[in-house]
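Please find below a note on the structure under review. The points are numbered so that each may be checked against the coordinates.

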Amino acid sequence: MKRQTLLGLLLLSALSLLSCKKELQTATKPASVETENTASNSEQPKTEVDTVALKKQIEQEKETLSKPYNEEEDAQAKLNELVAQAKKQGKYVFVQAGGNWCIWCLRFNDFVQQTPELKQIVDKNFVYYHLNYSQKNKNKAVFNKYTPDVRGIGYPYFFVLDGDGKVTHIISSGELEEGKGYSLEKVKQMFLDQAPKK
């Protein structure tokens, strides 16, 4: 019984490390990351992940991506301006909450900006805004005004404002993820579902 419990724990540990391992395999595989499978069915696969190498790889990736969040900006004033612009143009405001510190935030922005099919849908239906959350500027008042009940959802998350500045939807990015990035079909459908009905 103890042996089965130990094997179960080892298997769970190995599975929990797989997502970190996927991050590392997309670039060059560091020497400290090993996957060892033995011919014996009685032994479990061994996976070691070098978290220092993973962090370094993520920092290197961040350097290649644009930084759309502005820590200095008066977010409420900017949102007021964008809501007025959106109303005039018959669009909604699509708000991406997060920060330049967040790799998934930067990946999402890059994915939308570099995918012509998505960029076309966004430009046609939305005014896009990156609402900063960082140690330097948490924008507490703005987050409390628009998404006061959001807890534990993680960054980035999104909310949509109509032409009157009212929140129509709040969306978790987790449901849009696929591997190290985002699903084209899920993201496309999300934008289409949130677009103003004309």
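Predicted model: local features only at pLDDT ≥ 70, side-chain atom pairs only at ≥ 80, totals over all residues.

1. Helix H4 (residues 103-114) and helix H5 (residues 116-125) have axes that come within 5 Å and cross at roughly 90°. H4 is therefore roughly perpendicular to H5, since angles of 65 to 115 degrees fall in that class. On the H4 side the contact is formed by Phe111, Val112, Gln113 and Gln114, and on the H5 side by Pro116, Leu118, Lys119 and Val122. By class, these residues comprise 5 nonpolar, 2 polar and 1 charged.

2. H5 also packs against helix H7 (residues 184-194): the two axes come within 10 Å and cross at roughly 10°. This crossing angle is under 35 degrees, so H5 runs roughly parallel to H7. The H5 residues Glu117, Leu118, Ile121 and Val122 meet Leu184, Val187, Lys188, Phe191 and Leu192 of H7. This contact contains 7 nonpolar residues, 2 charged residues and no polar ones.

3. The largest pocket holds about 260 Å³ of space. It is lined by 14 residues, of which Tyr133, Phe143, Val150, Arg151 and Tyr155 are the closest to its centre. Helix H6 (residues 140-146) supplies the largest share of the lining, with 3 residues. The lining divides into 7 nonpolar, 4 polar and 3 charged residues.

4. Across the whole structure, 8 salt bridges are found. One of them joins the side chains of Glu59 and Lys62, with an N to O distance of 3.2 Å. Both residues belong to helix H2 (residues 51-64), and because they are 3 residues apart, about one helical turn separates them. Side chains of opposite charge can pair when their charged atoms come close.

5. Most residues other than glycine have a negative phi, and most peptide bonds are trans. The peptide bond from Tyr155 to Pro156 is cis, with omega near -5°. Pro156 is located in the loop between H6 and strand S5 (157-161), while Tyr155 is among the residues closest to the centre of the largest pocket. Asn139, which is not a glycine, has a positive phi near 50°. Asn139 sits in the loop between strand S4 (126-132) and H6.

Methods:
Residues numbered from 1 in each chain as written. Heavy atoms only, no water. Axes fitted to C-alpha atoms, helices over the stretch in contact; angles between N-to-C directions. Helix = DSSP H or I, 4+ residues; strand = E, 2+ residues; numbered from the N terminus. Parallel < 35°, antiparallel > 145°, perpendicular 65-115°, else oblique. Contact = heavy atoms within 4.5 Å. Nonpolar A, V, L, I, M, F, W, Y, C, P; charged D, E, K, R; others polar. 1 Å grid on protein atoms, 1.4 Å probe; cavity = no way out; pocket = protein on both sides within 12 Å on 5 of 7 lines; lining within 4 Å. Points joined across faces, edges and corners; volume = space filled by probe spheres on them. Salt bridge = Lys/Arg side-chain N within 4 Å of Asp/Glu carboxyl O.
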